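I opened my notebook on a structure I had not looked at before.

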Amino acid sequence: MKARLSRPSPRMVRALALAVLVTQVLISVTGTIVRVTGSGLGCPTWPQCFPGSMVPVSHAEIAPLHQAIEFGNRLLTFVVGIAAIACFLAAWRSRPRRPRLVRLALVMPLGVVAQAIIGGITVLVDLQWWSVSLHFLASAVLVWLAAILVKTASEGDDKPMLVITRTMQRLLVALSAVTFVMLFAGTLVTAAGPHAGDAATPRLDVPVETIARVHSMSTMAYVLLLAVFGVWLRSARPTKALLKAYSAACAVVLLQGAIGYTQYALGVPEPLVVAHVLGAMLVVVATSWLWCESRYRGPLPQQKQAEPAAS
């Protein structure tokens with residue numbers, strides 16, 4: 001008797017989707033560690049680490065620590081890729097097959113490939129600020145989509161029904177747009193500041209103070225929009241899930257603002273820069289979660305019974 005492989009359960013699909021989200025956030029943070037330690041060229045070539053070698057080799061001009069940090073970040077890409085592929089395969093093999101879930105899951109491994117290419121370009125152009133900014137923003141998009149993937153694995157496939165008013169939905173669109181502006185301005189602050197790479201890395205030729213003000217203003221705009229949304233939310237009879245998502249967004253953005261102002265006042269110490277990037281990714285997750293909870297897609301489809309074993 002030859003038994004068929006059992007179909008992945010909804011719980012397994014959700015767990016794999018969560019693994020995708022966590023690894024996407026994690027590699028964004030480790031990428032920041034690469035940048036603030038000046039390790040971006042610890043592996044000076046791509047896809048190889050050194051010419052003729054996929055792994056670090058002794059080099060008089062490159063510190064072993066920088067090699068280890070950059071190579072470790074590259075290795076983490078494989079972990080992210082494995083989680084993404086596993087989630088896609090689980091979504092594909094689930095029954096009933098859910099096209100929206102499969103499409104979102106497919107984006108994840110494709111995104112890992114795209115990020116690997118962008119990362120390679122970043123190395124080949126010697127960490128030019130625009131390439132580093134693009135690399136980070138692509139990660140933010142993948143984190144946003146991964147958060148939606150987690151929610152999709154936990155809900156139905158009905159046509160989305162708003163649980164808020166149309167005006168509040170427009171406010172969420174504005175909030176999402178401001179989130180992107182906030183992240184983009186943050187990458188420019190980094191590009192013009194001391195943590196754009198090692199000492200030889202070209203900086204963005206704009207005063208840091210100017211870009212920091214734009215970044216700060218976009219953060220205040222986010223807080224203002226979130227506050228207005230909260231006022232309207234009180235009279236909208238929100239679901240418990242929506243209230244949790246809103247509370248999470250408020251807590252994360254306030255913490256992120258506190259970290260941002262503290263790091264600026266202290267001269268952007270490296271640990272706080274890393275914490276700030278982690279906070280930025282959590283803001284993306286919270287905003288995406290808020291977006292997802294503003295609509296209802298029905299209950300999770302019932303899983304089909306396992307097929308009988310084949311002879």
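**Loops and cis bonds**

I looked up P47 and found it in the loop between α1 and α2. Helices here are DSSP runs of H or I of at least four residues, strands are runs of E of at least two, and both are numbered from the N terminus. I noted that this is a predicted model, where local features need pLDDT of at least 70, side-chain atom pairs count only at pLDDT 80 or more, and totals for chains, interfaces and linings use all residues. Residues are numbered from 1 along each chain as its sequence is written, and side-chain values use heavy atoms, with hydrogens and water left out.

I checked the peptide bond from W46 to P47, and it is cis, with omega near 5°. The bond from R95 to P96 is cis too, with omega near 0°. P96 sits in the loop between α2 and α3. I reminded myself that most peptide bonds are trans.

A63 is in the loop between α1 and α2. I read its relative accessibility as 33%, so A63 counts as partly exposed. The cut-offs are under 20% relative accessible area for buried, over 50% for exposed, and partly exposed in between, with a 1.4 Å probe and protein chains only. From A63 to S39 I count 24 residues in sequence and 8.8 Å in space, C-alpha to C-alpha.

P269 belongs to the loop between α7 (240-265) and α8. P269 is partly exposed, at a relative accessible area of 27%.

**Overall build**

How many helices and strands does the chain have? I find eight helices and two strands. From the N terminus on, the order is α-α-α-α-β-α-α-α-α-β. The radius of gyration is 21 Å, close to the 19 Å that the globule rule gives for 311 residues, so the chain is as compact as a globular protein of that length. That radius is taken over C-alpha atoms, and the rule is 2.2 Å times the number of residues to the power 0.38. Along its principal axes the C-alpha trace spans about 60 × 60 × 25 Å.

Of the 311 residues, 45% count as buried. I also looked at contacts, meaning heavy atoms within 4.5 Å. Among contacts between residues at least 6 apart in sequence, 79% join residues at least 24 apart.

**Inside the chain**

I turned to the nonpolar cores, which are sets of buried Ala, Val, Leu, Ile, Met, Phe, Trp, Tyr and Cys residues joined through side-chain atoms within 4.5 Å. The largest has 38 residues, and L21, M108, F136, V143, L149 and L183 have the most contacts inside it. α1 (10-36), α2 (64-93), α3 (99-124), α4 (129-152) and α8 (270-293) each supply at least two of its residues. Which helix gives the largest share of this core? I find that α4 does, with 10 residues.

I listed what M108 touches, leaving out residues up to four places away in sequence: V20, Q24, A84, L142, L145, A146 and L149. A second, separate core has 21 residues, including L171, Y222, F229 and A245.

My last entry is G230, in helix α6 (residues 208-233). G230 is buried, with a relative accessible area of 12%. G230 and Y246 are 16 residues apart in sequence and 7.6 Å apart in space, C-alpha to C-alpha.
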